[in-house]
Amino acid sequence: TYMNDSGESVRLLVRRYGVDPEDLVIVHDELDLPAAALRVKAGGGLAGHNGLRSIRNHLHTDEFLRVRIGVSKPVSKERGADHVLARFSKRERAEIDVTLEQAADVVEAIVTDGVDAAMNRYN
């Protein structure tokens, strides 16, 4: 599905595999973080993210775990979609590549050590 409709697929997977939404880990882009920044968050607001809104609407909760990957703010709110779909600069791409590897490590840490330990290690 499209990102804005990702809740449809997430709901089906959660139901099929019996996953508690509080154990669900969503990895997503985050306009409120500088490019290549990485943060772990348990539940909370959606910061205007349409994909997270779709997931919340389909699961009827926002108490899922998030691995947030910064993409920085666009020059204006109206340019948000263009911003997240644009290519990174060469420097940003190199930084994002490292962040993506770290994001995979964060998900593994959440599964093996728990979200609190992952937040302490990576936030």
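Where does alanine 36 lie? This is a predicted model, and the first close-up takes up that question.

**View A. Alanine 36 sits in the loop between β1 and β2.** Here's a residue whose backbone deserves a look: alanine 36 has a positive phi of about 75 degrees, even though it is not a glycine. Its relative accessibility is 15%, so alanine 36 counts as buried.

**View B. Alanine 47 also has a positive phi without being a glycine.** For this residue phi is about 50 degrees. Look for alanine 47 in the loop between β2 and α2. Alanine 47 counts as exposed because its relative accessibility is 55%.

**View C. Histidine 49 and aspartate 29 meet through their side chains.** The two make a polar contact at 2.7 Å. Histidine 49 belongs to the loop that links β2 (38-42) with α2 (50-59). With a relative accessible area of 14%, histidine 49 is buried.

**View D. Four acidic residues make a patch of negative charge on the surface.** Zoom in and you'll find Asp20, Glu22, Asp23 and Glu63 gathered there. Take aspartate 23 as one of them: its place is in the loop between α1 (6-17) and β1 (25-30). Aspartate 23 is exposed, at 56% relative accessible area.

View E. Leucine 13 comes from helix α1. With a relative accessible area of 49%, leucine 13 is partly exposed.

Conventions
Residues are numbered from 1 along each chain as its sequence is written. This is a predicted model: local features need pLDDT of at least 70, side-chain atom pairs count only at pLDDT 80 or more; totals for chains, interfaces and linings use all residues. Side-chain values use heavy atoms; hydrogens and water are left out. Patches are made of residues with over 30% relative accessible area and no salt bridge: like charges are joined within 9 Å, nonpolar side chains (Val, Leu, Ile, Met, Phe, Trp, Tyr) within 5 Å. Accessible areas come from the Shrake-Rupley method with a 1.4 Å probe; for residues, only the protein chains shown count as cover. A salt bridge is a side-chain nitrogen of Lys or Arg within 4 Å of a carboxyl oxygen of Asp or Glu. Lys and Arg count as positive and Asp and Glu as negative; His and the chain ends are not counted. The place of a charge is taken as NZ of Lys, CZ of Arg, CG of Asp or CD of Glu. Helices (H or I, at least four residues) and strands (E, at least two) are DSSP runs, numbered from the N terminus. Buried means under 20% relative accessible area, exposed over 50%, partly exposed in between (1.4 Å probe, protein chains only). A polar contact is a pair of N or O atoms within 3.5 Å; within protein, one must be able to donate a hydrogen and the other to accept it, and residues adjacent in sequence count only if both atoms are side-chain atoms.
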